[in-house]
Amino acid sequence: MSTAVGIIKALNSGVKHLAVKRFTLRYPEQKLKFVGDGFQFNPEAGVGIAGLRGRHILYHEHCTGCQLCAVACEGIAEAIGMVKVNETWKQNKKAIMPQIDYGKCVFCGLCVDACPFYALYMTNDYELSSFTKSALIYTPGQLAIKPKMSQDVEIKIDDRGASHG
Amino acid sequence: MTTQLPPGFELEKVDDRIMTLNVGPQHPGSGHMRLIIKVDGDYIVSCDPDPGYVHRGEEKMAEYRNYIQNIPHLERPVIHDSSNILYPYCLAVEDLLGIEVPERAKYVRVIASELNRCIYTLYWLAIYGIFLGHSTMFMWSAGDRELFIDLLEAMSGARVTHAFLVPGGVRNDLPANFEERCLRQVNYFEKRLREYEDIFYQNPLLKARTEDTGILSRTDAIRLGTTGSVLRASGVDFDIRKKEPYDVYENLDFDTVVMKEGDSYARSRVPYLEMFESCRIIKDALRKMPKSGSVRTKLKPNPKGGNDEVYRRIESGRGALGYYIVSNNRPEPYRVKISVGSFRNLICIPYLLKGEKLGNMPAVYWSLNYWPVEADR
């Protein structure tokens with residue numbers, strides 16, 4: 001008898017959820033809203049600023065070509081290589097800037113921690129898939145572009161349940 | 001001359017009653033490990049666990065990287081519990097380098113660690129459900145896990161491999177309005193967690209499969225050196241958060257969950273009840289946390305460790321998790337030994353499965369909270 005009651009209770013607790021709102025997000029149409037503009041780092045305080053760790057953004061006007069990001073990545077993913085750029089900047093005599101291979105990057109953000117010149121940050125852009133491996137290698141020119149995103153859905157929680165969208 | 005075959009490959013004689021079964025290593029309810037089971041009819045005569053299929057050499061890799069570069073690869077063994085596997089590493093390196101951690105950072109770490117413990121436990125519960133044929137449990141806990149993943153994503157910026165804890169504190173401060181959001185989601189989750197009771201833990205079908213199977217007595221649990229939820233399910237009140245409190249656990253209000261049955265049901269229920277305690281810890285930590293202040297002590301570039309050795313351990317989702325680090329005046333550690341709870345609990349598989357029915361194997365094996373990748377390191 002108690003077995004039957006237990007099974008009915010279990011079924012009942014599942015059936016109640018038929019009326020509850022959909023929990024998941026309709027992904028390509030709806031995208032979850034993130035905090036801030038991506039992970040950043042303040043080298044003076046030595047503390048990061050919360051944000052999603054997505055694709056990097058490189059500010060050419062701040063980059064000095066010091067290679068600290070590449071050194072930081074050396075033992076982690078070896079994703080960053082320094083390449084020559086056809087630009088002349090007063091602070092960047094060697095004219096080298098990081099190029100990031102997203103086939104190798106693990107998005108730990110320790111390169112951002114390593115940059116003392118406010119040049120390398122991360123953005124909210126996480127859709128990096130491509131059809132070729134070579135397209136995953138982002139040159140300094142590609143890294144300078146600010147990503148265009150429409151992430152606006154917020155997670156909602158009410159008495160009837162939680163829902164992303 | 002007879003050739004020595006590796007275990008599990010010996011052929012039986014045709015008239016032999018005993019048959020050898022290889023469960024795994026390709027995931028039919030075993031994870032990335034193999035259980036060499038000898039059965040007589042439906043009953044298990046002996047069981048020989050064979051781990052090591054996902055050995056990655058984490059300990060050796062750690063000897064070639066400096067203390068900061070070690071962070072991303074050391075969390076790989078348990079990506080679902082990545083804050084907890086980094087926690088003892090950070091504590092040990094802080095002892096080694098003599099770093100003071102700011103008060104707020106300690107609370108932020110505890111919150112991250114407890115959120116991550118819930119993520120891990122829900123993931124484990126999802127697998128436990130699906131291997132017992134309860135797909136609703138899989139869907140529910142995988143869905144509710146998303147709440148905590150969203151919180152940790154807002155906190156650290158990554159969904160699974162956070163690399164959030166560092167020697168000297170945490171990588172970044174909490175985002176704006178995090179406290180309010182965290183409290184709302186944890187409150188909702190507690191309400192949701194109570195619904196698991198009816199559909200899973202009081203379900204007669206689950207009870208029939210797990211009660212009185214794979215009983216580990218209190219003395220055996222201590223003698224075999226088990227740890228974590230397996231130990232607590234056998235009636236031993238041992239939780240490192242209580243017994244050797246690290247960071248701010250001594251200021252926080254929570255209880256240790258202990259059950260005395262020692263069967264699969266108790267082992268599966270202890271982590272579930274611990275999620276309530278985790279929620280209590282998170283809420284208490286949010287209340288007691290200093291509202292502002294630094295969260296990270298600035299380190300010198302490439303800090304050196306001195307001639308010293310240190311061992312620190314914490315309570316992870318799977319039991320005691322410790323790091324033993326030896327340094328010799330270099331930026332890289334000389335030796336890193338990771339002592340994990342999964343490997344400690346592996347030893348009781350042969351004891352628990354002996355004499356069980358083969359059908360009870362998943363119920364017993366998954367109740368051990370065993371994570372093959374962590375055990376192999």
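So, chain B: in this predicted model, the chain has 15 helices and eight strands. Along the principal axes, the C-alpha atoms of chain B fill a box of roughly 75 × 55 × 35 Å.

What radius of gyration would we expect for a compact globule with 377 residues? The answer is near 21 Å, and chain B has 21 Å, so the two agree.

Now for the inside of the chain. Of the 377 residues in chain B, 50% are buried. And if you take the contacts in chain B between residues at least 6 apart in sequence, 71% of them join residues at least 24 apart.

Let me pick out one helix, α6 of chain B, which runs over residues 178–201. Which residues of α6(B) are buried? They are Cys182(B), Gln185(B), Val186(B), Phe189(B), Tyr196(B), Ile199(B) and Phe200(B).

Last stop, the contact with our other chain. Chain A brings 29 residues to the contact, and chain B brings 34 residues. On the side of chain A that touches chain B, the elements giving two or more residues are α1 (2–15) and β2 (47–49) of chain A. Of these, α1(A) gives the most, with seven residues. And what is that side of chain A made of, in terms of nonpolar, polar and charged residues? You'll find 17 nonpolar residues, 10 polar ones and two charged ones there.

Technical notes:
Residues numbered from 1 in each chain as written. Chains lettered and ligands numbered in written order. Predicted model: local features only at pLDDT ≥ 70, side-chain atom pairs only at ≥ 80, totals over all residues. Helix = DSSP H or I, 4+ residues; strand = E, 2+ residues; numbered from the N terminus. Rg over C-alpha atoms; globule rule 2.2 N^0.38 Å. Buried ≥ 20, exposed ≤ 12 C-beta atoms within 10 Å, placed from the backbone. Contact = placed C-beta atoms within 7 Å. Nonpolar A, V, L, I, M, F, W, Y, C, P; charged D, E, K, R; others polar. Expected span 1.5 Å × (residues − 1).
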